[in-house]
Amino acid sequence: MAFTLPALPYASNALEPHIDSRTMEIHHGKHHNAYVTNLNNAVAGKPEEGMSIEDICRNISKQPAAVRNNGGGHYNHSLFWTIMGPNAGGAPSGALGDAINAAFTSFDEFKTKFAAAGTGRFGSGWAWLIKDSGGKLAITSTANQDNPLMDVAEVKGTPILGLDVWEHAYYLNYQNRRPDYITAWWNVVNWNEVARRFAGK
Ligand code: MN3
């Protein structure tokens, strides 16, 4: 198999009470797993089997919908698990903290704008913090399983933080209350990993 489901880097109940264990089990074990299976089926016997998921995303306009949807789903969720964790939350410091203050005035202002990107995404999709080609930070959002790496994205850049606002990410615990899910989600953001991605390592 060209692509494999990465293990969750923590126990499925590690993000409670903010994200419940059952949601994590279904989200990772069923939803993400299905994206991987369907992506592998879609690229079977093709050169994409040997490509990185990042390179596939960068040229997604040449791919059929099955690769766009499932390849995006695989990339997005692989990032999502790593930028969350137990004993997380708080605020970023160092170079990332400085860059957020420079781009958005303050961390609180950044959080407000990022949450608005997630709340305002109609239907299913993602909110992103990206680093553009000049190293500057920006907030954007994409529909479905698209992401800012994709050549079809309105705003392009390297994702360093992503928030899944599909209902499957929060419905068991929060039902239709997406804003409550986003408020709680800040408590599980792993800023060390976001800083690592910002540094380009
Ligand atoms: Mn999801």
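This is a predicted model: local features need pLDDT of at least 70, side-chain atom pairs count only at pLDDT 80 or more; totals for chains, interfaces and linings use all residues.
Local features require pLDDT of at least 70 and side-chain atom pairs count only at pLDDT 80 or more, whereas totals for chains, interfaces and linings use all residues. Residues are numbered from 1 along each chain as its sequence is written, and side-chain values use heavy atoms, with hydrogens and water left out.

Helices (H or I, at least four residues) and strands (E, at least two) are DSSP runs, numbered from the N terminus. Buried residues (under 20% relative accessible area; exposed, over 50%; partly exposed, in between; 1.4 Å probe, protein chains only) of α3 include Val67, His74, Phe80 and Trp81. The buried residues of α3 pack against α1, α2, β1, β3, α7 and α8, contact meaning heavy atoms within 4.5 Å.

Seven salt bridges were counted, each defined as a side-chain nitrogen of Lys or Arg within 4 Å of a carboxyl oxygen of Asp or Glu. Among them, Asp146 and Arg68 meet at 2.7 Å (N to O). Asp146 lies in the loop between β2 and β3 and Arg68 in helix α3, so the pair ties together parts that are 78 residues apart in sequence. Asp146 is buried at 13% relative accessible area, while Arg68 is partly exposed at 30%. Arg58 and Asp55 form a further salt bridge (3.0 Å, N to O); three residues apart in helix α2, they are separated by about one helical turn.
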